[in-house]
Amino acid sequence: QKKLHKHKRFSSLDLKGVADYIASGKAKRIILFVGAGISCNAGIPDFRSPETGLYHNLQRLDLPCPEAVFELEFFKTTPKPFYELAKQFFPGKFEPTLTHWFIRLLFDKGLLLRCFTQNIDTLERLAGIPESKIAEAHGSFATSRCLECGKQMETARVQECMQRDEVPACDHCGGLVKPDIVFFGEGLPAAFFERATDVCRADLAIVVGTSLQVQPFASLPRRVQCPRVLLNHERVGDMGTRADDVVVLGDCDASLRELAALLGWTAALAAVAAGD
Ligand code: CNA
């Protein structure tokens with residue numbers, strides 16, 4: 001590992017260096033670690049951005065602390081705040097961003113090893129990235145089930161309840177229904193751990209739109225041995241501490257638009273985003 005970090009493998013520590021690295025064919029198994037920041041330009045607020053983040057805007061829900069809205073024990077007794085919040089970013093209302101389309105393009109080009117996402121908005125799926133290439137660390141809104149008997153409830157029905165400001169109750173036993181997103185106090189999906197072994201196989205890691213504060217997800221970028229890139233508004237985790245790390249601060253869509261241009265992929269990116 002030491003030896004790997006001693007030698008920079010990007011020609012320069014910027015987007016041009018990353019583009020050269022990909023264009024030279026050295027990156028055939030690209031791994032992505034993404035978070036709420038990649039969906040902000042779709043109109044879904046993230047958690048921790050000052051002013052616009054969900055945590056900042058939760059005061060009106062009268063919670064003991066902002067995180068309580070995603071705590072399992074709190075939800076069991078007080079589910080309304082969660083459903084009130086979920087109404088704002090339930091799938092169906094939002095379109096993928098340029099960052100999602102860029103990841104889709106990596107897949108189309110046969111370069112995507114896996115996209116690890118903390119997001120629950122399913123925009124990766126909507127961008128046409130196959131489920132087998134995604135590891136949804138915190139589950140998703142795609143399915144919901146009763147906390148008492150485990151019976152599934154169709155997403156459309158859950159959504160209908162939310163629109164009526166009702167908390168969905170199980171048809172079978174009347175129990176509380178919860179989308180299969182991972183709350184604090186719950187384990188991560190088994191598929192996340194199975195797919196985490198990908199970190200050893202990747203030849204380029206790209207971290208985008210995450211504050212890297214939630215474990216165990218946050219530890220994954222530390223475990224890769226390949227060159228790493230951070231595209232984020234701020235520096236996070238240990239990104240930028242290795243000799244072969246590239247850190248590009250700013251809007252992730254803008255950075256990936258530039259990377260696509262450097263690779264000569266602008267037209268291809270526009271085509272996937274247009275659904276061609
Ligand atoms: P976070 O802690 O809110 O961090 C987001 C990060 O993205 C911050 O570092 C921001 O500075 C950065 N950021 C925001 N917008 C941009 C942008 N346009 N370009 C570049 N960087 C940007 O979110 P994390 O994902 O790190 O936290 C993990 C939580 C958030 C997970 O459990 C998610 O389930 C949860 N979450 C998901 C969604 C969603 O599915 N879209 C929305 C809100 C929260």
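**Pockets and ligand**

Author: The largest pocket is lined by 42 residues, and Gly-35, Ala-36, Asp-46, Phe-47 and Arg-48 lie nearest its centre. Keep in mind that this is a predicted model.

Reader: How much space lies in the largest pocket?
Author: About 850 Å³.

Reader: How does its lining divide into nonpolar, polar and charged residues?
Author: The lining of the largest pocket has 19 nonpolar, 17 polar and 6 charged residues.

Reader: What takes up the space of the largest pocket?
Author: The ligand does.

Reader: OK, the ligand then. Which residues come nearest to the ligand?
Author: There are 29 residues around the ligand. Phe-47, Arg-48, Asp-121, Ser-211 and Glu-234 come nearest.

Reader: And the classes in that shell?
Author: The shell around the ligand holds 10 nonpolar, 14 polar and 5 charged residues.

Reader: Which polar side-chain atom lies 2.6 Å from an oxygen atom of the ligand?
Author: One that belongs to Ser-211. Thr-210 also takes part: an N or O atom in its side chain is 2.7 Å from a ligand oxygen.

Reader: What about the backbone?
Author: Look at Ile-120. A polar backbone atom of Ile-120 is 2.8 Å from an oxygen atom of the ligand.

Reader: How much of the ligand's accessible area does the protein cover?
Author: On its own, the ligand has 860 Å² of accessible area, and the protein covers 96% of that.

Reader: New topic. How much space lies in the second largest pocket?
Author: About 320 Å³. It is lined by 19 residues, with Arg-125, Glu-136, Gly-139, Ser-140 and Pro-189 closest to its centre.

Reader: Which elements give two or more residues to that lining?
Author: Strand 3 (134–136), strand 4 (139–146), strand 6 (177–181) and helix 8 (190–195). Strand 4 gives the largest share, with 4 residues.

Reader: And the classes there?
Author: The lining of the second largest pocket has 8 nonpolar, 4 polar and 7 charged residues.

Reader: Last topic, the backbone. Where is the peptide bond that is cis?
Author: It runs from Gln-215 to Pro-216, with omega near 0°. Pro-216 is in the loop between strand 7 (204–208) and helix 9 (220–223).

Reader: Which residue has a positive phi although it is not a glycine?
Author: Thr-122, with a phi of about 60°. You'll find Thr-122 in the loop between strand 2 (112–117) and helix 6 (123–126).

How values were computed
Residues numbered from 1 in each chain as written. Predicted model: local features only at pLDDT ≥ 70, side-chain atom pairs only at ≥ 80, totals over all residues. Heavy atoms only, no water. Near = heavy atom within 4 Å. Polar contact = N/O pair within 3.5 Å; in protein donor to acceptor, adjacent residues only side chain to side chain. Areas by Shrake-Rupley, 256 points an atom, 1.4 Å probe, with all protein chains shown as cover. 1 Å grid on protein atoms, 1.4 Å probe; cavity = no way out; pocket = protein on both sides within 12 Å on 5 of 7 lines; lining within 4 Å. Sits in = over half its atoms within 2 Å of the grid points. Nonpolar A, V, L, I, M, F, W, Y, C, P; charged D, E, K, R; others polar. Points joined across faces, edges and corners; volume = space filled by probe spheres on them.
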